[in-house]
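The report below goes through one model, taking up annotated positions, aromatic pairs and a helix contact in turn. Please read it alongside the sequence and the coordinates.

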Amino acid sequence: MTKVLLGFMGAGKSTIARGLDPNYLDMDALIEKRLGMSIAEFFSEMGEETFRQVESEVLAELLQRDQVVSTGGGVVVSQRNRDLLKTNSDNIYLKADFDTLYQRISADKDNQRPLFLNNSKEELAAIFQERQALYEEVASRILDVTELSPEEIIEELR
Ligand code: S3P
């Protein structure tokens, strides 16, 4: 069964996926390959709604594979995606507190997320709050990673 890592931006989904399986599939990287541009560029050219459509298509394809998959933080927003996740994969929610995540997101100059660029800290906190119930709805396991190192998280999930 596909093992899916879920969580807000900055939760460490890709790092943990790589540690669990060096051949993991990175949903955002595959989306960028398909779009032929960065997610940030696509957001500003085509808008978030079009991005979400591509994201859903790629998710459906990845869930056919029996591998570890790291997702983008907004994958749980659509009901269709949540239904796909609930029926096709083992979903691990990497949960962390907002301030920790915000620090990581703002420090990550190599990956400037559009939702970070386009929203104030308060607006992003509201998006984080809204999504909690969605991550929890699809999660088969919730791991609070706020105080854990990547090594500890990987050990815990192995
Ligand atoms: C998004 C998270 C990003 C990326 C896009 C939208 C979101 O992925 O998919 O910028 O809506 O939370 P990461 O969670 O890997 O940063």
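Ser14 lies in helix α1, in a model that is predicted. At a relative accessibility of 25%, Ser14 counts as partly exposed, because that value falls between the limits of 20% for buried and 50% for exposed. When its neighbours within four places in sequence are left aside, Ser14 is in contact with Tyr24, Asp26 and Ser70.

Gly12 is partly exposed, its relative accessible area being 22%, and, not counting residues up to four places away in sequence, Gly12 touches Leu94 and Arg104.

Helix α1 also holds Arg18, which is partly exposed with a relative accessible area of 46%. The C-alpha atom of Arg18 is separated by 24 Å from that of Arg131, a residue 113 places apart from Arg18 along the chain.

| Residue | Relative accessible area | Class |
|---|---|---|
| Gly12 | 22% | partly exposed |
| Ser14 | 25% | partly exposed |
| Arg18 | 46% | partly exposed |

The aromatic side chains come next. A pair of aromatic rings is described by the distance of the centres and the angle of the planes. Across the whole structure, a search finds six aromatic pairs. In one of them, the rings of Phe43 and Phe51 have centres 5.1 Å apart and planes at 50°, so this pair is tilted. Phe43 is buried at a relative accessible area of 11%, and Phe51 is likewise buried, with a value of 4%.

Why does the pair of Tyr93 and Tyr135 count as stacked? The centres of the two rings are 4.7 Å apart and their planes meet at 25°, and planes under 30 degrees apart count as stacked. Tyr93 belongs to strand β4 (residues 89-95) and Tyr135 to helix α8 (residues 121-138), so the pair ties together parts that are 42 residues apart in sequence. Both Tyr93 and Tyr135 are buried. Elsewhere, ring pairs link Phe8, Phe98, Tyr102, Phe116 and Phe128 into a cluster.

Helix α8, which carries Tyr135, also takes part in a helix contact. Its axis and that of helix α5 (residues 79-88) come within 9 Å and cross at roughly 30°. The helices α5 and α8 are therefore roughly parallel to each other, since angles under 35 degrees are counted in that way. On the side of α5 the contact is made by Gln79, Arg82, Leu85 and Lys86, and on the side of α8 by Leu134, Glu137 and Val138.

How values were computed: Residues numbered from 1 in each chain as written. Predicted model: local features only at pLDDT ≥ 70, side-chain atom pairs only at ≥ 80, totals over all residues. Heavy atoms only, no water. Buried < 20%, exposed > 50% of the residue type's maximum accessible area, 1.4 Å probe, protein only. Contact = heavy atoms within 4.5 Å. Helix = DSSP H or I, 4+ residues; strand = E, 2+ residues; numbered from the N terminus. Phe/Tyr/Trp six-rings, centres within 6.5 Å; stacked < 30°, edge-to-face > 60°. Axes fitted to C-alpha atoms, helices over the stretch in contact; angles between N-to-C directions. Parallel < 35°, antiparallel > 145°, perpendicular 65-115°, else oblique.
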